[in-house]
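Please open the model in your viewer and keep the sequence panel beside it. The stops below say what to select next and what is to be found there.

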Amino acid sequence: MTDRKAGKPTLMRYLLLVLVAVLVVYVGSGFVRQSQVRAQQQAELARIEKELLLAQQEAALLEKHLAFAQSPAAVEAWALENSWARPDEMPVIIIAPEGEPPAGTRVQDQTGAGLPAPQQAWWDFFFGDR
């Protein structure tokens, strides 16, 4: 009789041990999956935060450009680039007297004489030697 009672609890113990082991593996695998998901979410969050920071910097830069574009200094710069004058300014056009070349310019004939060395090399390349 003692053998029979001793055999049943041993079998029950093994069965209980196997069930506990299966439960531990199941819970452990769930924990591992959740930790992997959390790591992926943290990497995604870091990437999104970097994109957000870049977008904020770009927005600040665009706001500076917009503030400059709406300022009188931008209007002045645009007018100077397009050769416009203010109403109180007088544009001056310098005209050289006839027969004299303007100061600081070189006179050249059709063969390209009077050009500096690099320009002469290009002239010779495209139009041939003299």
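In which helix do W123 and F127 both lie, and how many residues apart are they? Select the two side chains: both belong to helix α3, and they are 4 residues apart, about one turn of the helix. An α-helix has 3.6 residues a turn, so residues three or four places apart point the same way.

Before going further, note that this is a predicted model, in which local features need pLDDT of at least 70 and side-chain atom pairs count only at pLDDT 80 or more, while totals for chains, interfaces and linings use all residues. Residues are numbered from 1 along each chain as its sequence is written, and side-chain values use heavy atoms, with hydrogens and water left out.

**The whole chain**

Zoom out to see 3 helices and 0 strands, where helices (H or I, at least four residues) and strands (E, at least two) are DSSP runs numbered from the N terminus. Of the 130 residues, 4% are buried, a term that means under 20% relative accessible area, with exposed over 50% and partly exposed in between (1.4 Å probe, protein chains only).

Select S71, which sits in the loop between α1 (2–69) and α2 (72–81). S71 counts as buried because its relative accessibility is 18%. A polar atom of the S71 side chain lies 2.6 Å from the backbone oxygen of F68.

**Helix α3 and its aromatic rings**

Now select residues 117–127, helix α3, where the number buried is 1 of 11 residues, so the helix lies largely in the open. A search of the whole structure finds 2 aromatic pairs, meaning rings of Phe, Tyr and Trp (its six-membered ring) with centres within 6.5 Å, called stacked if the planes are under 30 degrees apart, edge-to-face if over 60 and tilted for the rest. W123 and F127 form a tilted pair, at 4.5 Å centre to centre and 45 degrees between the planes. Within this pair W123 is partly exposed, with a relative accessible area of 22%, whereas F127 is exposed at 59%. Select F125 and F126 next: their ring centres are 5.1 Å apart and their planes stand at 80 degrees, so this pair is edge-to-face. F125 is exposed at 60% relative accessibility, and F126 is also exposed, at 56%.

**Last stop**

Conventions:
A polar contact is a pair of N or O atoms within 3.5 Å; within protein, one must be able to donate a hydrogen and the other to accept it, and residues adjacent in sequence count only if both atoms are side-chain atoms.
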